[in-house]
Amino acid sequence: MTGNEIYADFADVYAKGSYTRHGREVAAKMPEVLGHLEHRPQKILDMCCGEGSFAVEMAKRGMRVTGVDASERMLEIANARALIAKVTDHVRFERRDVRVLRYDGEFDLATCWFDSLNYMLTTDDLGKAFGGAARALRPGAYLMFDMQTIHGLINHTRRHEHWIERDSDGIVDIHRAEYDEDTGIASLHITGFLHVGGGKWRRFDEVHRQRAYPEDTIARLLEESGFEVVQSSGNLDGLADLTMEIDRMWWVARRA
Ligand SMILES: C[S@@+](CC[C@H](N)C(=O)[O-])C[C@H]1O[C@@H](n2cnc3c(N)ncnc32)[C@H](O)[C@@H]1O
C-alpha cells in the first residue's frame, strides 16, 4: 500500500469534511458526460473509492458498483454509507491496492477521482494502475479520472504551507506541506486531534505524498496500457483547454 497507513485516521476527517463534495459533484455530472459519450454503463469499478460517496450515488441510480481502496477505515465508512442509502445490493467495497488489480474484462466504466492517482509516486505505479483498469474493462469501455497537474501540486503546496482546520464535530487538524523540486513529490504532514469524549483528544500523524505527471507521460502510459485518449482537459465537460495554468486535469480514455 502507499505511504504509512495513510487515511487510517484521516479517513474520519475526510468523511466529515468538505472533501466528499468532489465525488458527489462528479456523480451529479455523470449523466451528462455519459450521455455525451453515448455510453450506458451497468458495471462500474470505482478505483480509490475512499469513503464511497461517488460509488453510493451511482448505485442509487441503479448501476452496479465495485469500489476498491487501500484504506480499511475508508471502506468501513463507505459500507456504512451504502447501508444508510439502502444500496448494499448494488454496491460492494473491496480492499485492494490499485497497482495490483486482478479483474478481468467485467466492467464497462472505471473511475478514479480526486487526487487518488497523484498517490502513484512513480510512472511505473501509475502505469500499473492504468494496466489494472484496462484489464478490468471490456473493449470499448471507458476510464475516467482527474488528477492534480504539476502546476496545481506546486501551487497548492506554496499557497498553503501551513494551515489549521477546525471542525465542529470534534476534529482539529494541522497541515504542513512541502514540495521537493528534485523528486517532484509534495509531502503533506497532517497532525490531527480527534475528540474521543470526556474532554480527551487522540492525536494522529500521517504523511501524504503525492506526485503529478506531465500530460504527455499520462497519455503515453494510457496508450501503453491499451487505451485511446478521448479527452484531457481542464474540466470534465472538456470545455476548457489544458494549459500550464490549470491545477487539475480530467481525462477520458477508451479501452481499445
Ligand atoms: C483523495 S482520496 C479520494 C477518494 C475518492 N475517490 C473521492 O473522490 O473522494 C484518495 C484515496 O486514494 C486511496 N489510495 C491511495 N493509494 C492507493 C492505492 N495504491 N490503492 C488503492 N487506494 C489508494 C486512499 O486510501 C484514499 O481513499
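Gly 23, Val 26, Ala 27 and Met 30 are the buried residues of helix α2; buried here means that 20 or more other C-beta atoms, placed from the backbone, lie within 10 Å of a residue's own. The model you are looking at is predicted: local features need pLDDT of at least 70, side-chain atom pairs count only at pLDDT 80 or more, and totals for chains, interfaces and linings use all residues. Residues are numbered from 1 along each chain as its sequence is written.

Helices (H or I, at least four residues) and strands (E, at least two) are DSSP runs, numbered from the N terminus. What covers the buried residues of α2 includes α3 (53-60). Follow α2 along and you will find a bend of about 45° at Met 30, with Pro 31 following within four residues; the bend is the angle between axes fitted to the seven residues ending there and the seven starting there. After α2 comes Glu 38, with a positive phi near 55°.

Now turn to Trp 251, which lies in strand β11 (residues 248-255). Trp 251 is buried because 23 other C-beta atoms lie within 10 Å. Leaving out residues up to four places away in sequence, Trp 251 touches Met 144, Phe 145, Ile 218, Gln 231 and Ser 232; a contact needs C-beta atoms, placed from the backbone, within 7 Å.

Finally, here are the domains, whose bounds come from an automatic or database domain assignment.

| Domain | Residues |
|---|---|
| domain 1 | 10-149 + 213-255 |
| domain 2 | 152-211 |

Their centres, taken over C-alpha atoms, are separated by 24 Å. Across the boundary, 14 residues of domain 1 are in contact with 16 residues of domain 2.

How values were computed
Buried ≥ 20, exposed ≤ 12 C-beta atoms within 10 Å, placed from the backbone. Contact = placed C-beta atoms within 7 Å.
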